Structures are given as structure tokens and as C-alpha cells.
Amino acid sequence: MENKRSDCEAINIDIVNKVKPKMPKTSLLYELSDFFKVMGDGTRIQLLWALEESEMCVGDLAVVLNMTKSAVSHQLKVLRTAKLVKASKKGKNVYYSLDDSHVKEILEKALDHVCE
């Protein structure tokens, strides 16, 4: 990644000097951006919301969301790769759930924000 330089001089150098050291590394901010890209899909949000309510298998998720099992499986793979959901095998079925409580908190905070 190339090092970019601003073509501006600071107007409020005290503010710049206060904020700049608190900025996370650029690579970490790009990871955060990728996280929000995954979260920014309506179907994946619906899947996450359903899984917030209960652990579910692909077939049940397909019924809840009125989707094909193939489409649900594809989206679950994206969510698993992003570490938003986890899977556990029970008998012949694989059940999915939110990866941790942070995912639930993010969903709830985001919903609160859009409801304001």
C-alpha cells in the first residue's frame, strides 16, 4: 500500500496532534471496512437476525427467509468466513449460531440507530 500525503496544512494543529495518534492502523481500518461490507447485505442481515433469535439449520433458515437452501448456504459461508456465525454438527444436521455476543450487540445497536 502506498504512503499517501495530504496536500493540506493543518488549520487546527492541536486537534490534528490529538487525533492522529489515536487513529488505528490503516490496515485495521480496511478490515473494519470489509466487516461492514459483509454486514451491508440485506440477506445476510436477515440471516444474522434469525440466528440472533435461535440456532438454526440451513433448511429452517431457508423457510424463515423464503430462500433456497443453496442461497442460504452460500450466504452462511460468507458469514462464517467473516467470523460472524459458527457451525456445530448435531446428528445429521449442521446448526448455525452467532459467533459471539459481539455480533448480537452490533445488530441491536445498529437497529437502535436506524429506529431513532
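A residue counts as buried under 20% relative accessible area, as exposed over 50%, and as partly exposed in between, with a 1.4 Å probe and protein chains only. The model is a predicted one, in which local features need pLDDT of at least 70 and side-chain atom pairs count only at pLDDT 80 or more, while totals for chains, interfaces and linings use all residues. Residues are numbered from 1 along each chain as its sequence is written, and side-chain values use heavy atoms, with hydrogens and water left out.

Now for the overall layout. Going along the sequence, the pattern reads α-α-α-β-α-α-β-β-α. The radius of gyration of the protein is 19 Å, whereas a compact globule of 116 residues would come out near 13 Å; this radius is taken over C-alpha atoms, and the globule rule is 2.2 Å times the number of residues to the power 0.38. Along the principal axes, the C-alpha atoms fill a box of roughly 60 × 35 × 20 Å. Buried residues make up 22% of the 116. As for contacts (heavy atoms within 4.5 Å), 51% of those with a separation of 6 or more are between residues 24 or more positions apart.

One helix pair gets a closer look here. Two packed helices are described by the angle between their axes and the distance between the axes. Helix α4 (residues 58-65) and helix α5 (residues 69-81) have axes that come within 9 Å and cross at roughly 110°. Such axes are lines fitted to C-alpha atoms, for helices over the stretch in contact, with angles running from 0 to 180 degrees between N-to-C directions. Angles under 35 degrees count as roughly parallel, over 145 as roughly antiparallel, 65 to 115 as roughly perpendicular and the rest as oblique, so α4 and α5 are roughly perpendicular to each other. On the α4 side, the residues that meet α5 are Val58, Gly59, Leu61 and Ala62, and their partners in α5 are Lys69, Val72, Ser73 and Leu76. The residues of this contact split into five nonpolar, two polar and one charged, where Ala, Val, Leu, Ile, Met, Phe, Trp, Tyr, Cys and Pro count as nonpolar, Asp, Glu, Lys and Arg as charged, and the others, Gly among them, as polar.

The loop between α4 and α5 is where Asn66 sits. Asn66 is not a glycine, yet its phi is positive, at about 55°. Met67 belongs to the loop between α4 and α5 as well, and it is partly exposed, with a relative accessible area of 24%. Neighbours within four places in sequence aside, Met67 touches Thr43, Ala62 and Val72. Met67 and Ser27 are 40 residues apart along the chain, and 35 Å separates their C-alpha atoms.

Past α5, the chain runs through a loop to β2 (85-90), and Lys83 is found in that loop. Lys83 also has a positive phi without being a glycine, near 60°, and it is exposed at a relative accessible area of 63%. Strand β2 itself holds Ala87, which is partly exposed at 32% relative accessibility. With neighbours within four places in sequence set aside, Ala87 is in contact with Arg80, Val94, Tyr95 and Tyr96. Ala87 and Glu55 are 32 residues apart in sequence, with a C-alpha to C-alpha distance of 9.2 Å.

Another pair of this kind involves Glu53 in helix α3 (residues 42-53). Glu53 and Lys104 are 51 residues apart in sequence, and their C-alpha atoms are 9.6 Å apart in space. The relative accessible area of Glu53 is 62%, so the residue is exposed.

That leaves the cysteines. A disulfide is a covalent bond between the sulfur atoms of two cysteines. With a disulfide taken as a pair of cysteine sulfur atoms within 2.5 Å, the structure holds zero. Cys8 is exposed, with 56% relative accessible area, and Cys115 is exposed too, at 60% relative accessibility.

Key. Helix = DSSP H or I, 4+ residues; strand = E, 2+ residues; numbered from the N terminus.
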